[in-house]
Amino acid sequence: NTIKVDAETIIEVEIVKEYTVTVNSEAEQGTVKVNGQTGSVTVDEGTSISINVNASEGYQISSVSITGINDIGITDKYEFNYEGIEVNSDIAVSVTYTKVYTITVNYNENGTVSIDRGETEGGSVIVNTGGNAVIEDGKTVTLIADPNDNFRVSEFWIDGVKDETISDENYSITDVYSKVLTPDKSFTVSVVFAPNRYEVTK
């Protein structure tokens, strides 16, 4: 366009510098939003931004790094938020995720079922019936079925498949059942605790 000047005119031009916020993340493992926009964005210098990360189903947030920010702690493995970042240079946001599986546990009230992740992962934790535990891909766990007094482990199922090694002949009234697994998918464990059987003699 042409501007016709008939008198003394002052023209002021404000030049705004732009910077790029680059997102490095596996899209299928989770979403990363910058000021509500998914993926990398370009913003004016001095803009305040917020970072929001949400893990996809079957994943947990493993790490988050943001240029210029140290000691970022992950307190929630499924959602991460960081606000008030002033952009005065290009910024990189890098997010990594961990594949996880869910073990759902069902059993009657005559015993307990626990999942032992090992000492470095928090040890053994009792899982309430109907509850679950989340296990990282590649981690080995031990499933433990411990009957109450006067009860025994009668049946142990994984995704509808019965462990046929359990029988009245080879499982005594004092036995605690344990099974070591390295999960490669999510699954459901079902345990039946039954009353002990005693031989009656005359």
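This is a predicted model: local features need pLDDT of at least 70, side-chain atom pairs count only at pLDDT 80 or more; totals for chains, interfaces and linings use all residues.
1. **Overall composition.** The chain contains 16 strands and zero helices. Of its 202 residues, 32% are buried. Its accessible surface amounts to about 12,900 Å², and carbon and sulfur atoms account for 44% of that area. When contacts with a separation of 6 or more are considered, 68% of them join residues 24 or more positions apart.

2. **How strands join.** Strands of a sheet pair through backbone hydrogen bonds, and the pairing is either parallel or antiparallel.

3. **A sheet with the order S3-S2-S5-S7.** These four strands form an open sheet with antiparallel pairing. Its edge strands are S3 and S7 (79-86), each of which pairs on one side only. Within this sheet, S5 (residues 48-55) and S7 are joined in the antiparallel sense over six bridges. A residue pair that the student can locate here is Ile51, which stands opposite Tyr82 in S7.

4. **A sheet with the order S10-S9-S12-S15.** This is also an open sheet of four strands with antiparallel pairing. Strands S10 (124-126) and S15 (177-181) stand at the edges; each has a single partner strand, so one side of each lacks a neighbour in the sheet. On average, neighbouring strands of this sheet are turned by 20 degrees against each other, direction ignored.

5. **Strand S12 and its partners.** S12 pairs with S9 (residues 111-116) through six bridges, and the two run antiparallel. S12 also pairs with S15, in the antiparallel sense, over five bridges. Ile144 shows both relations: Ser114 stands opposite Ile144 in S12, and Ile144 in turn stands opposite Ser178 in S15. A further link to S15 is made by Ala145, whose bridge partner is Tyr177. Why may S12 be called largely enclosed by the rest of the structure? Five of its seven residues are buried, and S12 is therefore largely enclosed. The cut-off behind this reasoning is that a buried residue has under 20% relative accessible area.

6. **Strand S16 and its two kinds of pairing.** In which sense do S8 (residues 91-107) and S16 (residues 187-195) pair, parallel or antiparallel? They pair in the parallel sense, over five bridges. In this pairing, Tyr107 has Val191 of S16 as its bridge partner. S13 is joined to S16 by seven bridges, and these two strands run antiparallel. Here Phe151 has Pro195 of S16 as its bridge partner.

7. In soluble globular proteins, nonpolar side chains tend to be buried together. The largest nonpolar core of this model has 24 residues, among which Val21, Ile51 and Ile66 touch the most other members. At least two residues of this core come from each of S1, S2, S4 (41-44), S5, S6 (59-66), S7 and S8. Val21 has contacts with Val34, Ser40, Val41, Val43, Ile49, Val87, Ile91 and Val93, not counting residues up to four places away in sequence. A second, separate core of 21 residues includes Val105, Val127, Ile158 and Ile166.

8. **Two asparagines with positive phi.** Asn35 has a phi near 50 degrees, which is a positive value in a residue other than glycine. Asn35 is found in the loop between S2 (30-34) and S3 (37-38). Its relative accessible area is 38%, so Asn35 is classed as partly exposed. Asn150 likewise has a positive phi, near 70 degrees, and is a residue other than glycine. Asn150 occupies the loop between S12 (141-147) and S13 (151-158).

9. Gln29 touches Ala55, Ser56, Tyr59 and Tyr97, not counting residues up to four places away in sequence.

Terms used. Residues are numbered from 1 along each chain as its sequence is written. Side-chain values use heavy atoms; hydrogens and water are left out. Buried means under 20% relative accessible area, exposed over 50%, partly exposed in between (1.4 Å probe, protein chains only). Contact means heavy atoms within 4.5 Å. Two strands pair if DSSP finds at least two bridges between them. Axes are lines fitted to C-alpha atoms, for helices over the stretch in contact, and angles run from 0 to 180 degrees between N-to-C directions. Accessible areas come from the Shrake-Rupley method with a 1.4 Å probe; for residues, only the protein chains shown count as cover. A nonpolar core is a set of buried Ala, Val, Leu, Ile, Met, Phe, Trp, Tyr and Cys residues joined through side-chain atoms within 4.5 Å.
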